[in-house]
Amino acid sequence: REIDCGCFGPAARQPLSAGLLARNLALVALALVAALPAGARGLTWLDAVAIGAAVALGTLLYASANTLLANAPRLRALRGA
């Protein structure tokens, strides 16, 4: 009932849930968008800055979603106590 990929240590075990499925579907959608052919326009330094910012933001969002999903059962237990 729990998945442990070992990415964030033993405290980040996640139960199978709709949130986990939604997160993985969003990652698949992003991968499909990234696989689309690029435009004919050349990249400039501003494009590189935008790509770097997008990657940093995506990493932070992924880590936040992973932490929230991993701690959801503990939060439910605290609310029920």
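Accessible area is computed by the Shrake-Rupley method with a 1.4 Å probe.

**Figure 1. Overview of the protein chain in a predicted model.** The protein chain exposes about 6,500 Å², and carbon and sulfur atoms supply 72% of that area. Of the 81 residues in the chain, 10% are buried. Two helices and two strands are present. Read from the N terminus, the order of these elements is β-β-α-α. Among contacts between residues at least 6 apart in sequence, 58% join residues at least 24 apart.

**Figure 2. Helix α1 and helix α2 where their axes approach each other.** Helix α1 covers residues 18–34 and helix α2 covers residues 45–80. Their axes come within 10 Å and cross at roughly 160°. Angles over 145 degrees count as roughly antiparallel, and α1 and α2 are therefore roughly antiparallel to each other. The crossing of α1 past α2 is left-handed.

**Figure 3. Residues in the contact of α1 with α2.** From α1, the residues taking part are G19, L20, R23 and L27. They meet Y62, A65, N66 and L69 of α2. By class, the residues of this contact comprise five nonpolar, two polar and one charged.

Figure 4. Is L27 buried, partly exposed or exposed? Its relative accessibility is 37%, so L27 counts as partly exposed. The cut-offs behind this are under 20% for buried and over 50% for exposed. L27 is also one of the α1 residues in the contact with α2. Between L27 and Y62 there are 9.2 Å in space, C-alpha to C-alpha, while in sequence the two residues are 35 residues apart. Y62 belongs to the α2 side of the contact.

Notes
Residues numbered from 1 in each chain as written. Predicted model: local features only at pLDDT ≥ 70, side-chain atom pairs only at ≥ 80, totals over all residues. Heavy atoms only, no water. Axes fitted to C-alpha atoms, helices over the stretch in contact; angles between N-to-C directions. Helix = DSSP H or I, 4+ residues; strand = E, 2+ residues; numbered from the N terminus. Parallel < 35°, antiparallel > 145°, perpendicular 65-115°, else oblique. Left-handed = near helix turned anticlockwise from the far one by under 90°. Contact = heavy atoms within 4.5 Å. Nonpolar A, V, L, I, M, F, W, Y, C, P; charged D, E, K, R; others polar. Buried < 20%, exposed > 50% of the residue type's maximum accessible area, 1.4 Å probe, protein only.
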